[in-house]
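Here's a quick briefing on one helix and a set of charged pairs. Have a look at the model first.

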Amino acid sequence: MTIDQAQQELVDEFVDIEDWMDRYAMIIDMGNSLPPIDEKYRTPEHLIEGCQSRAWLNAELSDEGKVIYTADSDAIIVKGIISMLVKVLSDHTPDEILESDLHFVNDIGLQEHLSPTRSNGLLALLKQMRLYALAFKELQTSKNKQ
């Protein structure tokens with residue numbers, strides 16, 4: 001599944017839910033289904049700077065050259081948002097992640113329902129996910145040159 005297909009799948013899940021309390025409940029459910037991050041990644045080095053609540057992110061490059069993200073948060077809404085980003089971006093190549101246009105947040109109307117601090121946290125998380133992808137791309141490039 002491409003990043004755009006994953007985004008569209010998320011948008012489709014929200015399209016018939018008009019009440020924002022129901023949308024929040026769905027986001028919380030998504031967060032509850034997020035696999036837990038390994039305890040060894042619940043460290044200050046993996047904390048997302050700029051996020052009001054505590055959120056941890058780890059990324060690994062698979063043998064197939066795809067980025068696998070794991071993440072968690074101590075806040076239920078944040079954990080749900082993280083689960084959506086992981087669902088959309090995980091298991092894609094660094095190039096696919098770096099070239100993606102993440103529009104699902106606006107498409108489902110989430111951006112306008114986030115507090116400024118949550119919005120900043122979302123941007124910080126996305127920035128860190130892209131930084132991991134960039135680092136893995138550089139790693140692949142340097143390996144290919146050898």
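Buried here means under 20% relative accessible area, exposed means over 50%, and partly exposed is in between (1.4 Å probe, protein chains only). This is a predicted model, so local features need pLDDT of at least 70 and side-chain atom pairs count only at pLDDT 80 or more, while totals for chains, interfaces and linings use all residues. Residues are numbered from 1 along each chain as its sequence is written, and side-chain values use heavy atoms, with hydrogens and water left out.

**Helix α6**
- Helices are DSSP runs of H or I with at least four residues, strands are runs of E with at least two, and both are numbered from the N terminus.
- Buried residues in α6 include L122, L125, M129 and F136.
- Among the elements covering them are β1 (55–61), β2 (67–73) and α3 (76–89).

**Salt bridges**
- The whole structure has seven salt bridges, each a side-chain nitrogen of Lys or Arg within 4 Å of a carboxyl oxygen of Asp or Glu.
- D95 and K137 meet in one of them, at 2.9 Å from N to O.
- D95 is in α4 and K137 in α6, so the pair ties together parts 42 residues apart in sequence.
- D95 is partly exposed at 33%, and K137 is partly exposed at 30%.
- Shared partners join E39, R42, D72 and K79 into one salt-bridge network.
- E13 pairs with K87, with the closest N and O atoms 3.1 Å apart.
- That pair links α1 (3–14) to α3, 74 residues apart.

Key:
Contact means heavy atoms within 4.5 Å.
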